[in-house]
Amino acid sequence: MTSDEQRYLLGAFVRARREKVAAPSGARRRRTPGLRREELAERAGIGTTWLAWIEQGREIRPSAEALGRLAEGLNLAPAERRYLFSLAERHDPAHPPSLGSDAPPALEALVRALSCPAYALDPAWTVCCANRAARRLFAGLFDETETPNLLVYVFTHPAARNLLPDWRQRAIRVLGEFRRDFGLAIADPRVRFVVERLQESSLLFREGWADQAVREREGGRRTFIHPEDGAQHFLQHTVADIERGDFRLVYLEPEREAEMGGDQAGERAPG
């Protein structure tokens with residue numbers, strides 16, 4: 001469906017629902033049913049011209065908050081409200097998408113079987129499963145009450161700044177890798193929700209997102225400074241699930257001291 005089609009459907013839906021809302025009590029007899037535009041605009045706290053443009057399918061981008069007020073003004077049922085936000089390609093602030101989804105069985109089995117730190121990511125970079133070694137390595141990631149998300153952790157959790165050497169540079173690299181995945185799952189509401197959340201909560205993310213940098217997901221040396229275990233060095237490997245290409249397994253193979261050499265200049269970010 002094209003954007004033009006969606007705007008047309010959105011406008012037709014809003015107008016149809018407006019015409020089915022009962023007119024105010026005491027209103028004079030009317031030629032057309034339902035509410036007038038100015039009456040709905042007043043109920044929803046929005047501009048009459050703006051409402052007309054929506055119904056006409058104009059190329060405008062209403063905010064989620066404005067759509068929420070419009071939904072309340074129209075007395076929409078839950079299914080109708082979801083349809084409204086879907087057509088407008090907005091997340092309903094009253095019902096934010098839940099992060100997290102079950103890992104494909106093959107990935108979950110591999111994560112459990114590995115002794116080195118290993119975890120699986122869904123398209124929004126939510127950690128959908130992780131073994132004991134990964135839970136210990138990523139200090140603070142699994143302490144939160146909400147579903148752990150690697151991108152949110154890197155950009156907002158204080159523990160990540162201590163765990164990741166050169167945190168700022170590594171966070172920007174992570175963002176470039178995430179943007180590549182974002183392009184493959186742009187219609188996924190979970191993915192877009194993470195982006196919107198971080199744009200509000202992280203200045204570094206907001207600046208990096210505006211920079212439009214895109215990076216391939218590359219393996220290589222990873223160094224972490226664990227609060228209890230000290231410096232740890234790994235070689236990171238990423239494997240896409242053969243059945244669900246939008247999920248991926250990440251595992252960190254311990255790097256022997258003899259193979260490290262001591263040059264840390266080429267380190268890359270986790271994720």
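**Arg-248 and its partner**

I looked up Arg-248 in this predicted model and found that it forms a salt bridge with Asp-181, with the closest N and O atoms 3.7 Å apart; I count a salt bridge where a side-chain nitrogen of Lys or Arg is within 4 Å of a carboxyl oxygen of Asp or Glu. Because Arg-248 lies in strand E5 (residues 248-254) and Asp-181 in helix H10 (residues 167-184), the pair ties together parts that are 67 residues apart in sequence; helices (H or I, at least four residues) and strands (E, at least two) are DSSP runs, numbered from the N terminus. I noted that Arg-248 is buried at 10% relative accessibility and that Asp-181 is buried at 5%, where buried means under 20% relative accessible area, exposed over 50%, and partly exposed in between (1.4 Å probe, protein chains only). Salt bridges that share partners join Arg-180, Asp-181, Glu-216 and Arg-248 into one network.

**Ground rules**

I number residues from 1 along each chain as its sequence is written, and I take side-chain values from heavy atoms, with hydrogens and water left out. For this predicted model, local features need pLDDT of at least 70 and side-chain atom pairs count only at pLDDT 80 or more, while totals for chains, interfaces and linings use all residues.

**Other salt bridges**

I found 17 salt bridges in the structure, one of which joins Arg-136 to Asp-229 at 2.9 Å, N to O. That pair links distant parts of the chain, with Arg-136 in helix H7 (residues 132-137) and Asp-229 in the loop between strand E3 (220-226) and strand E4 (230-240), 93 residues apart. Arg-136 is partly exposed at 43% relative accessible area, and Asp-229 is partly exposed at 37%.

I then turned to Asp-4, which forms a salt bridge with Arg-7, the closest N and O atoms being 2.2 Å apart. These two residues are three apart in helix H1 (residues 3-18), so about one helical turn separates them. Asp-4 is exposed at 53% relative accessibility, whereas Arg-7 is buried at 17%.

**Aromatic rings**

My search of the whole structure gave 11 aromatic pairs, with rings of Phe, Tyr and Trp (its six-membered ring) pairing if their centres lie within 6.5 Å, and with planes under 30 degrees apart counted as stacked, over 60 as edge-to-face and the rest as tilted. Phe-178 and Trp-209 have ring centres 6.3 Å apart and planes at 45 degrees, so I logged the pair as tilted. Phe-178 lies in helix H10 and Trp-209 in helix H12 (residues 203-211), so this pair ties together parts 31 residues apart in sequence. Both Phe-178 and Trp-209 are buried. Phe-182 and Trp-209 form an edge-to-face pair, 5.0 Å centre to centre with 85 degrees between the planes. I also recorded one aromatic cluster made up of Trp-125, Phe-155, Phe-178, Phe-182, Phe-205 and Trp-209.

**Cysteines**

I looked for disulfides (a pair of cysteine sulfur atoms within 2.5 Å) and found zero in the structure. Cys-128 is in no disulfide, and the nearest cysteine sulfur, that of Cys-129, is 5.0 Å away. Cys-129 is buried, with a relative accessible area of 11%.
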